[in-house]
Amino acid sequence: MIRGRLLYLGGGLFLPGGVFLNRKFRERWFMLLMGSFLVVYIIWPLAGMFFRADWNIVASTTRDKVVIGALWRSVWTAAAATGVIALFGTPLAYFLARQEFRGKSVLEAVIDVPIMVPHTVAGIAVLMTFSPKAPLGAMLVRAGFSPVNSHLAIILACMFVSIPFYVDAARDAFYGVSPRLENVSRTLGASFFHVFFRISLPLAKRGLVSGLIMSWARGVSEFGAIVIMAYHPMVAPTLIYDRFATFGLKFSTPIAVQLILVCLGMFVVLRVLVSGKRKEVIGG
Amino acid sequence: MIRLAGLSIDLGEFMLDSFSLSVDEGEFFMVVGPSGAGKTVLLEAIAGLRQPSGGKILVAGRDVTDLPPEKRNVALVYQDYALFPHLSVEENIRWGLRFAPRPDGPHVEGLVRLLRLEHLLERRPETLSGGEQQRVALARALAVKPSVILLDEPISALDPRFREDLQDYLSRINREGMTIMMVTHDFNEVLSLGHRVAVIVEGSLQQVGEVKTVFREPANRLVADFVGMKNLFPSNIKGGLARLEGGLSLVLDGQKAGGECLIGIRPEDVMIGQDLAEGTENVFGGRVVSIVPRGMAFEVVFEVGGIRLTGRMLSSALVREDVRPGADCRVGFCPGAIHVFEGSHKI
């Protein structure tokens with residue numbers, strides 16, 4: 001749940017009035033003092049980029065078809081990868097949350113491997129699996145798909161790095177649903193699948209959506225794995241790198257600013273959508 | 001209605017071993033035992049939520065051992081109610097109806113009236129009190145007209161003022177023909193609700209029988225402990241007399257098998273007072289050792305002829321008889337109050 005919680009930290013900043021005079025707060029100020037270093041560490045560089053960006057160039061890049069194309073490509077390929085992960089990851093997460101078995105911790109560690117490995121390594125591993133010379137890649141080529149330097153290649157790379165972000169969040173969300181609720185609905189006549197779709201899924205919804213957001217965000221921000229699978233067509237991070245390498249900081253920053261704006265926008269919209277329903281799903 | 005034949009459930013750390021018992025139609029059957037004795041697990045096995053490692057479960061004459069929970073027609077109400085938090089009270093109660101072959105609307109409305117839930121139908125479970133949640137859980141279980149309803153400690157978690165209410169509801173539901181199997185760790189609930197009772201201690205079935213019988217004549221020391229029979233003494237029985245280690249001789253009610261036996265006397269059966277004439281049957285002079293408040297009554301420990309005898313008294317009796325620690329007094333009990341544990345020769 002740690003990664004899932006990150007999404008909701010914002011709620012804690014706007015505490016009810018009078019909190020700074022509260023005795024508990026006075027006892028904890030030292031913790032806040034230490035912690036604020038990290039908060040500043042995140043905000044400072046990002047804010048600095050906005051202040052130092054040349055807004056004339058930002059304005060002109062919003063009309064640059066290449067930039068818009070790359071941004072849009074980032075958004076939809078990451079979403080597509082997340083869709084595939086949700087389809088297969090939700091049953092996996094449910095299984096992990098409900099079933100105890102020998103080797104479960106090994107399986108959970110395997111799911112987390114994409115977080116550990118350097119993303120360029122992940123890219124190479126995926127490329128070796130799906131390159132036209134490998135059996136799987138050859139199958140895709142025969143079926144008329146292009147597994148490298150294509151949209152499919154971007155999605156394949158995104159999937160690999162995003163899987164743990166969704167599966168871990170979804171597993172924790174299902175952990176939070178009491179098995180007794182499922183038990184009771186079974187005794188009242190509901191089949192296993194009915195209970196899954198009508199009880200477990202709705203009650204885990206908040207955690208699942210937060211997992212989807214994290215998985216999508218991971219896909220949008222991916223560079224290392226994607227650049228190895230597909231330098232072209234360019235996603236936003238690749239384009240930013242490309243502009244940086246070719247024209248320097250001045251021309252890469254405006255795209256970076258736009259990518260941040262797009263991501264923050266999605267982030268806020270989804271967060272509002274989820275937190276609006278928050279009250280419904282507490283408890284159980 | 002329910003028959004368990006040699007049912008065993010493996011719980012990892014311990015095992016419910018080879019249970020055989022039957023619950024009759026319309027019966028209020030209690031399962032009692034200390035916390036952690038595996039009582040909830042037993043209910044889950046009957047409901048089909050846990051795979052037994054051996055034996056058979058029959059419900060309404062049908063072998064359901066291998067059927068999934070939704071095909072057993074057995075409803076389960078958990079101690080924590082397990083209401084669906086994302087649904088309203090009404091949606092909770094009607095949850096099972098969509099699967100029923102013949103949903104009975106009037107029956108559900110009757111339940112809502114019986115359990116006084118009319119004004120709560122629109123609310124969410126989280127806004128209800130414990131007693132209200134419990135009633136919703138009951139209504140939800142009864143709405144599907146199960147053959148039997150399994151209750152997991154429905155009363156213990158409630159505020160004391162709701163307990164009697166719920167007991168009344170349960171008795172009414174039972175009187176209207178519903179078979180109930182209820183688990184509890186509190187023998188007082190057994191006394192006020194149950195027809196028959198099964199006592200489970202340490203994973204095994206110690207005794208099954210009429211509540212009155214188990215209460216008066218526990219089968220062994222474990223059950224005696226559980227039903228509050230505190231005065232247990234090893235004794236030697238001969239010719240209608242039980243001789244205790246300290247030297248006291250107690251008159252028994254009728255002839256019992258001779259030899260070394262365990263005897264027990266319930267604290268409520270111990271009497272105290274100057275009007276007990278010494279020299280009559282089972283009346284002895286003694287001394288008060290301690291007085292401990294226990295709810296509405298007091299637990300008084302006497303020393304009598306080398307043994308310690310525990311009695312239970314109301315405060316009015318304490319005042320009347322001037323019972324203080326250290327005071328001398330007379331203690332007695334009828335011959336009929338002495339329970340001889342059959343087959344306890346080796347203890």
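Hi everyone, let's begin with one residue pair: B:Val59 has B:Arg62 as its bridge partner in S5(B). Strands here are DSSP runs of E with at least two residues, helices are runs of H or I with at least four, and both are numbered from the N terminus. Helix H1 of chain B, residues 39–47, packs on the sheet and touches strand S1 (2–10), S2 and S4 of chain B. Its direction makes about 120 degrees with that of S1(B); axes are lines fitted to C-alpha atoms, for helices over the stretch in contact, with angles running from 0 to 180 degrees between N-to-C directions. Contact means heavy atoms within 4.5 Å.

A word on the ground rules: this is a predicted model, where local features need pLDDT of at least 70 and side-chain atom pairs count only at pLDDT 80 or more, while totals for chains, interfaces and linings use all residues. Residues are numbered from 1 along each chain as written, chains are lettered from A and ligands numbered from 1 in written order, and side-chain values use heavy atoms, leaving out hydrogens and water.

Back to that sheet: it is open, antiparallel, and ordered S2-S1-S4-S5 in chain B. Two strands pair if DSSP finds at least two bridges between them.

Now the other sheet. Its 5 strands run S15-S19-S16-S17-S18 in chain B, open and antiparallel. S15 (271–272) and S18 (307–314) of chain B each have a single partner strand, so one side of each lacks a neighbour in the sheet.

Finally, chain A averages a pLDDT of 87, the predictor's confidence in each residue from 0 to 100. Over residues 1–14 of chain A, though, pLDDT is below 50. Thanks!
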